Amino acid sequence: MSDLFIRKATGLVRSWSVFDAFVYAFFSINLVTLGLYIFSQMYYFEGGLIGAMLLSAFFILFQVVVYAGLIAVMPRSGGDYVWQSRILGGGIGFILAVTGWWFILWLWVPLYGDMLRHIFLTPVLALLGARDAALWFSQTNHGLFIATLLTLAIVTFYIMLGMKRYARIQKVCFFGGILGLLIVVGLLLGGSPEAFQAGLESNSAALFGTDAGIYNATAAAGEEAGSVLGLTGGSFGVLLLTLPYVVFFNLYPNWGATLYGEVRGATDFKRNFAGMASALVVTTILGILTLLAIARTIGWDFYMQANGAWWNYAWGLAESQPPLPVWPYPALLAAFLTESRALQLLVIVLMSLWWFGWSGTVFLSSTRVVFAAAFDRLLPEKVAEVDERTGTPVIALLLMVIPSIIVSALFAYDILGFKSLTLAATLVIAVTYLGTTIAAILLPYRKPDMYNASPIAKYKIFGLPLISVAGVIFGGFLVFLLYQWLFDPNAMYGIGYSINPDGYKNGTSLVFMGVLYGIAAAIYFGFKAYRKRKGLDLDKVHAEIPSE
Amino acid sequence: MTTLFFATDIHGSDICWNKFLNAGKFYGAGVLILGGDMTGKAVVPFLDLGGGKYQVTLLQQEFQLEGEAEYQEMVKRVRSRGYYPYRTTPDELAELSQDPDKVHGIFIREVLRVFEQWMEIAARKLAGTGIRVYVSPGNDDQFEIDEMIRQSPVLTLAEGKVIPLDSHFEMISSGWSNRTPWNTYREEDEPDLARRYEAMIAGLKNPQLAVFNIHVPPHKSNLDEAPELDENLRPKYAGNALKPVGSTALRSAIEKHQPLLGLHGHIHEGRGHSRIGKTLCINPGSLYEQGVLQGALVKLVKNKIESYVLTQG
């Protein structure tokens, strides 16, 4: 028996596939790019990485509830910007959205570039016999800067292709990347520590010209660097302190949330939740399996020592070059378990699909925010123009690309200590999430009619709205992260003003983030004043019209 | 100077209709234009269980109602989303499930009943205000509502007409769209749309000072990007893959005649503005299910657009 009669009308579509939503979220919390990159930097932490991954995933599940709930109440509305604007006010919505979804992506570009050189350019060039080029990309600031420019070219190409074609590319990359990871795990599980050690010695010498004894030399350099991160164990308190690092990898299962479509019932809410949550859970499990496979054959201690040796040098904490002259990329290390160059190359190319299927996310969301701001007359009309011939939003793209080149140069050449800003890339996004989370907590009380008419109105915990309860838990988690990042009481993260006497007081980081928020505030208040002089009261156009 | 407020695709939402009628006073607009798709998409059965008890399923959640107060509160909630409440019995519901014609009859009856209420509200709110209101039903709207608009003392049925907005500007209007996968009431092939547009354009004194109030957006205008669907009408790639679905005939007409302004709707997620040559095209989008009236406020002076902004009221 039908509980709803629907007539023929435009836009009455069926629900999208949960698997498709899963793929987008799965790439957003990317194990191979974000995960392996940030895990490698955590070599000096105490506490077990598996416990840290599980604990962070637990807290981030509440984020998934918050965002799935907001989509259910206000779908297709433009995401964080609109949710915050409608519930907290236009100024907060604009400032937090443009910083979290646009400006901070300028800093993400060199990070994407750094990952591109480590997981694709360097290993592929080395396997093709171009040792000098491989090492140039891996070790030099010029190499990083060029890798960043290549990143910009690739993501610009994605923008020109459009979301439709990029979604297809992403799906191919998903299956190819999974195949690559299975081969890597298979190689690791099929190999032995002795075989790895021998493979490292021979392949490293052949590809990078290293001396004999690289295994022991790397272990010694890593030990000197203070590599202590364990795979398991760690008290709850110690694990908590790893989270501000781990979330660099997994804080974004909601990255596609702003795109999700019409929600007509509780089923769609559950589908939203399932798409994002399953990505988080599957990625966490895959991550743990990969780490266990690494530990089995490469050896956990050696892997972390190699990471410590690399980053200690990369961050300028050690003067001598690490014995292994490239980032210890687990896929490359696993590929050393085979003598076949073709198979090694196949592994690296397949694994690089994790980067190629993910890198488009850096600008696709940003251009949406630029457009939304222009539509709200908070930017000039021109920035929302699309070139008719190529279908490319040229000016919006330039607003991403030009600042990204500047920030990339600062990062690549470590001008003003920009290489220390990695975690700031997540901090600014977390601030945006906090604004949205506060909006979610208040939603049932600030917009009761809208909330009560939504499919999540019936979900309650101890009589309280589920979205508010989940928001309080996730909001508390974000506040903890922000406190740790900004005040750094244990001197562990280096992007804030540490209140620990031995901690780093990172003026560059604070000024950089302050400038981003300052630019956002200047645009908002500047354009508001300008439009007012032209007879447009932007407060009025966002105010609710009386409905009685 | 003429200040016009344009909204579209309110799909039966009482809240959005009331907001639309109040928008003239709220924004200081002398002309209100509703771009079409005024009627709702679904009827929600209120199952009479006897003894003043009802069972309602809304958004896949089942509600047990008791008493008139709870009943009326649920009616309000259903109406706020643009759906039509329909009191029925288990026997009738079982019968309706097997009989699409009867369901269609209920749809028409409920649409017209609500529309009649809307006409009364409009007459009450707008009488004597001097605010002009132009309405052109969209492709999702049944033809039966046209006559009710014609009968209204405060609304003007704009479909197919050339309407002077002031001494400088004229407006043409149409709610017809190009073909959709849903085979809706007012859709036709592109050549037919082209003839429809040209017939109106021929009546314009100066097309370059005209407003094209056309429900469907022009093709590839970025205002017409809708989720790409598979053969089962399921969005591909979780709705991330978008494709242009606007009218090529309209695009050609705009490129050829270069009107001052295009006002469009149809694609709810297509909120934005873009230029086709000199023509500013606007689609304010729609969030009718949340009771949010998205619109566009445009000030016209002499021979140009002095200012415009998308609103979210």
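1. A residue is called buried when its relative accessible area is under 20%, exposed when it is over 50%, and partly exposed in between. By that cut-off B:Glu159 is buried, because its relative accessible area is 16%. The model under review is a predicted one, and the points below should be read with that in mind.

2. B:Glu159 has a charged partner within its own chain: its side chain meets that of B:Arg196 in a salt bridge, at 3.6 Å from N to O. B:Arg196 belongs to helix α6 of chain B, whereas B:Glu159 sits in the loop between β8 (155-157) and β9 of chain B, so the pair ties together parts that are 37 residues apart in sequence. In contrast to the buried B:Glu159, B:Arg196 is partly exposed, with a relative accessible area of 25%.

3. B:Arg251 counts as buried, at 12% relative accessibility. Neighbours within four places in sequence being left aside, B:Arg251 is in contact with B:Pro218, B:His219, B:Lys220, B:Ser221 and B:Ile276, and also with A:Glu388 of chain A.

4. Is B:Ser177 buried or exposed? B:Ser177 is buried, its relative accessible area being 0%. Residues up to four places away in sequence not being counted, B:Ser177 touches B:Asn139, B:Arg186, B:Glu187, B:Glu188, B:Leu193, B:Val216 and B:His266. B:Ser177 and B:Ile214 are 37 residues apart in sequence, yet their C-alpha atoms are 8.5 Å apart in space.

5. The contact between the two chains takes 78 residues from chain B and 71 residues from chain A. Between them the chains bury about 6,700 Å², with 55% of it on carbon and sulfur atoms. How many salt bridges are there between chain B and chain A? The count is 4; a search of the whole structure, over all chains, finds 19.

6. Several pairs between the chains can be examined individually. B:Arg271 and A:Asp376 meet through their side chains in a salt bridge, at 3.7 Å from N to O. This pair crosses between chains, from the loop between β14 and β15 of chain B, which holds B:Arg271, to the loop between α16 (361-375) and α17 (394-412) of chain A, which holds A:Asp376. B:Arg271 counts as buried at 18% relative accessibility, and A:Asp376 is buried with a relative accessible area of 8%.

7. B:Arg275 forms a salt bridge with A:Glu381, their closest N and O atoms being 2.5 Å apart. Here the crossing runs from strand β15 of chain B to the loop between α16 and α17 of chain A. B:Arg275 is partly exposed, at a relative accessible area of 32%, whereas A:Glu381 is buried, at 16%. A further salt bridge joins the side chains of A:Arg168 and B:Glu228, at 3.2 Å from N to O.

8. In chain A, helix α20 (residues 466-487) has 22 residues and reaches 31 Å from its first C-alpha to its last, close to the 32 Å expected at 1.5 Å a residue. Its buried residues include A:Ile467, A:Phe474, A:Leu478, A:Leu481 and A:Trp485. Among the elements that cover the buried residues of α20(A) are α3 (49-73), α12 (236-250) and α18 (424-446) of chain A. After α20(A) comes A:Asp488, whose phi is positive, near 40°.

Conventions:
Residues are numbered from 1 along each chain as its sequence is written. Chains are lettered from A and ligands numbered from 1 in the order in which they are written. This is a predicted model: local features need pLDDT of at least 70, side-chain atom pairs count only at pLDDT 80 or more; totals for chains, interfaces and linings use all residues. Side-chain values use heavy atoms; hydrogens and water are left out. Helices (H or I, at least four residues) and strands (E, at least two) are DSSP runs, numbered from the N terminus. The expected span of a helix is 1.5 Å times one less than its number of residues. Buried means under 20% relative accessible area, exposed over 50%, partly exposed in between (1.4 Å probe, protein chains only). Contact means heavy atoms within 4.5 Å. Buried area is the accessible area (1.4 Å probe) that two parts lose on being put together, summed over both.
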